[in-house]
Amino acid sequence: MLPISEIFVSLQGEGPFSGRRALFIRFFGCNLRCSWCDTKYSYYGKPKVLEDLDVVDEFIILTGGEPTLYQDILRNFLTKAKSKGSEILVETNGTVLLKDHFVDYVDYFSISPKLSNAGVKYRVDVVKKNVEKLKIKEKFYYIKFPVMWEDDLNEVKKMVEYFGVEKSKVWLQPINNERIDYWWDIAVREGYNLSIQLHKFVSKP
Ligand SMILES: Nc1nc2[nH]cc(C(=O)O)c2c(=O)[nH]1
Ligand code: SF4
Ligand SMILES: [Mg+2]
């Protein structure tokens, strides 16, 4: 049984695959409650509960909410999707321990650890463990930080060092697309990438 918030086709609005057409599956439920969360509807209200997922696409994005809460139940779907040649991207907050079988069936991981601007507590050592697993398995992954205030940069730097990831894998994502000019310059100066949420310019899902 899979609790689903919504399924839609759109263009990836965030990160290195920005602009690429994809089928989005938004899972219901999240273990965090970020103050600025832009998908609160994915954990308040009622989910659609599906027996199984019967969708195919060249590029499938599992998002939420927090899709990694459903790693075991997704086994069937991922096996099917891979046998049909789909590329799979998972967008996760990184705080749920990733299982081997799940990592093996996913092509790309977007890990989005929260800074203090989100006002949530979580185990940052779990995120580090997950990043280490992705490194060992030589998975394609990137780290996406939702940023707001100037001080956020120091937190980003500390986490990047703690995780031991290259700057080229780091994407700064201005929350609500605010102060893009400011974060653009920071990204260029510090050697990071910038993710502007494209779908918010066109009011699309
Ligand atoms: N177009 C579009 N791209 C997205 N990339 C990540 C999304 C998300 O909410 O997880 C998202 C979303 O909601 N819409
Ligand atoms: S981790 Fe993502 S979905 Fe969950 S509360 Fe935070 S922003 Fe919202
Ligand atoms: Mg989102």
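Reader: Leaving aside neighbours within four places in sequence, which residues is P205 in contact with?

Author: Contact here means heavy atoms within 4.5 Å. In this predicted model, P205 is in contact with F8, S10 and H199, once its neighbours within four places in sequence are left aside. P205 itself is found in the segment after β9 (193–194).

Reader: Which residues does the UniProt annotation "binding site" cover?

Author: The annotation comes from an unreviewed UniProt entry, and covers L11, Q12, G13, R26, T63 and P205. These residues are spread over 195 residues of sequence, yet they cluster in space, with a largest C-alpha distance of 14.2 Å. L11, Q12, G13, R26, T63 and P205 also belong to the lining of the largest pocket.

Reader: Where does L11 lie, and what does L11 touch?

Author: L11 lies in strand β1, which runs over residues 2–11. Not counting residues up to four places away in sequence, L11 touches G19, R20, R21 and F24. Its relative accessibility is 48%, so L11 counts as partly exposed.

Reader: Which residues of the largest nonpolar core touch the most other members?

Author: A nonpolar core is made of buried residues joined through side-chain atoms. The largest one has 43 residues, and L62, L74, F109, F145 and L172 touch the most other members. Helix α4 (residues 152–163) gives the largest share of this core, five residues. Beyond four places in sequence, the contacts of L62 include I25, F27, L74 and V90.

Conventions. Residues numbered from 1 in each chain as written. Chains lettered and ligands numbered in written order. Predicted model: local features only at pLDDT ≥ 70, side-chain atom pairs only at ≥ 80, totals over all residues. Heavy atoms only, no water. UniProt positions renumbered as here; feature names shortened; annotations may be inferred. 1 Å grid on protein atoms, 1.4 Å probe; cavity = no way out; pocket = protein on both sides within 12 Å on 5 of 7 lines; lining within 4 Å. Helix = DSSP H or I, 4+ residues; strand = E, 2+ residues; numbered from the N terminus. Buried < 20%, exposed > 50% of the residue type's maximum accessible area, 1.4 Å probe, protein only. Core = buried A, V, L, I, M, F, W, Y, C linked by side-chain atoms within 4.5 Å.
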